[in-house]
Amino acid sequence: MQVGLKIWRYDSKTGDRALREYEVDAPEEATLLDCLDLVKDKHDGSLAYRKSCRMMICGSCGMRMDGGAVLACRVRMYDVVQEGRVPVISAMGNLPIVKDLVVDMDPFWQKMRAVDPYLQPRYDQAQERENVVAQAKMDVIHKESLCINCGCCVSECNSMESDPDFLGPAALAKGMRFVGDPRDGATVERLEKYSEPHGLWDCTRCYFCNERCPKGVDPRDAIAKLGAEAMKNGIDRDMGAKHAKWFVTSAKTTGWLRETELVPKTQGIVSSIKEMKFAMGLALKGKVPPPFPPHVAAEVHESRALFDLVKTQGRDGAAGIVQGEKALGRIESHHEASEGRTPYDEADSAPRPFLPSEREESEGVTS
Amino acid sequence: MKKLAYYKGCLASLSAKELDISTRALAPKVGYELIELESVTCCGAGDIHEAEPDYYLHLNARILSYAEATGCDTLMTVCNVCTLNLRQANHQLKIDDDLRDRINDNLEQVGVPRYNGTVEVKHFLWLIAGESFDTLQTVAHKGLKGLKIAPFYGCQILRPSKLMGFEDPDKPSSLERIIEACGGEAIDYPAKIKCCGFPIIQAREDTALAELIQPIEQAMEAGADAMVTPCPLCHLSLDAWQSKLKKQTGKDFAMPILHLSQLVGVAAGLTDSELKFKRHVVSVDPVIEKLSV
């Protein structure tokens, strides 16, 4: 098939920038990466891009296709050609471009380093026996552990675009990978650190990271898990945390958001007074609903009782999000149709391997 | 007339009452009878999902349960954030039997009916751009007289697309089709699918304003007479925080921001008392003037 590509060429040394069009003859199974290889081999050897494994493991070939970050080795070009599209290929966003499709990953790694991406077990002496962790406890960080550091989530992060110091989705998801690890002993210090300015409360919830991640990490959900863990550990001084807490208070007292009190509850009284002029402008248009009498939902006692009830059931923190991941995972892998079936159900299939969780159940491992 | 359970959410009940009023006025014209849910609460707006996620799931299950109790198969929302929160919870409850059982036991204990998973959550935008689009075309007879409208989608009606799935999250077209059906001209600009900054506008105002200025500036440069959004949170930041952008940058955009139901409402001939433009911070008068010429 004939594949057309428009590629943004760029040289940071000269500042030259140009959109060049190429056409290559590629087999039907070709990926975007295969097509770039053909461009480089047959048309222009000066084209720069990163690649290594060609199978979505190494995370090297992150780039933008029509403005959205993708792994070039993951995108099959057949459908694109069938639609008659000539996609625009460019370097990822939110990172400085070195040449053509190659970005400088240094800011990415600096943020990664900033979340201390290694286990801190905090014991003085090595334990006598191996620290075996129950599968259910590792499931909490299953998604975060899938990250291959490709940077696709960072590319379109709206908060980072406006605040380049924002730790961002990849580093925060990595942070959750260790906060949620039962072997790590630095949970509170981590949550304190990640709750600082440019940390977890700076996420604007645009969900571009979840949309772009090629591995199903869902970094926005990881950030929400960090928020939930911070709350669980009483780390709630940040304005973002206070903002979130006020929604909980509202839901269990009046049912509906107590909108007018949200500003002083988030920013404190002093900052709110500075906002008075702005607030008056809004009040004139009816945008500042009077807090009294409060707008109370009918049967609000039910939502109060629900709060008290769930707080006794031990699903505080990230566990409240993790419990929904099984259902969310089904959309990704399209399991609905073949629910309950495994590759080992066929008569002539290989014997089913021994799963760690079963071993734990049979041996009573609980740690 | 199809009956729909209607969840208006916090803002349409309070600071964005004009959204509720115009939605109620427009719905019967496009073939819907809205049944308002009385004893429901806030969906948690992403904040409860982050602070107390287990409680978030219960609150949303309770809303879905009361929607189911109306006998309707559709729960209609008018806010992006409500749409994501409810669809996410609904998906989890529908697919995971164990999870649904546990939450239903809790609901029952506090006197809420069990949720059987029979409701679909749909935003008003999806209804009028989808199943009732033909009706919309006949209703919008007064037209927008070629007014240039910049569609602003916001985030949580497009992403995560695995939970939304109505249209391509990178190349959505529902608002454009509605604008054209109403006799307006849809303006294209890159930031129409980006964030308005609202979730962090109180805790991180500088970052939020740097996000907010992009769609307004781009819509302005593309020659838009007004912007339209399906989300009251986007509406609030685009409309009310323009004065802060002016203070920060010196640029007075004076860009009128319409709720989706107001834009269609104008074309469908809703009255002033149904549109409630007086409740906007940025004046909509220039739009009204262009339409009355």
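In this predicted model, strand β3 (residues 74–77) of chain B pairs with β4(B) in the parallel sense over four bridges; two strands count as paired if DSSP finds at least two bridges between them. Helices (H or I, at least four residues) and strands (E, at least two) are DSSP runs, numbered from the N terminus. Within this pair, Met76(B) stands opposite Lys122(B) in β4(B).

Both strands belong to an open sheet of four strands in chain B, with the order β2-β1-β3-β4 and parallel pairing. Because β2 (32–36) and β4 (120–123) of chain B stand at the edges with a single partner strand each, one side of each has no neighbour in the sheet. From one strand to the next, the twist averages 40 degrees. Helix α5 (residues 80–95) of chain B packs on the sheet and touches β1 (2–7), β3 and β4 of chain B. The direction of helix α5 of chain B makes about 165 degrees with that of β4(B). Axes are lines fitted to C-alpha atoms, for helices over the stretch in contact, and angles run from 0 to 180 degrees between N-to-C directions.

Chain A is divided into three domains, with bounds from an automatic or database domain assignment.

| Domain of chain A | Residues |
|---|---|
| domain 1 | residues 2–103 |
| domain 2 | residues 106–232 |
| domain 3 | residues 247–317 |

The C-alpha centres of domain 1 and domain 3 of chain A lie 49 Å apart.

Between the chains, 67 residues of chain A are in contact with 61 residues of chain B, contact meaning C-beta atoms, placed from the backbone, within 7 Å. Helix α11 (residues 239–253) of chain A gives the largest share of the chain A side, nine residues.

Residues are numbered from 1 along each chain as its sequence is written, and chains are lettered from A and ligands numbered from 1 in the order in which they are written. As the model is predicted, local features need pLDDT of at least 70 and side-chain atom pairs count only at pLDDT 80 or more, while totals for chains, interfaces and linings use all residues.

Key: Contact = placed C-beta atoms within 7 Å.
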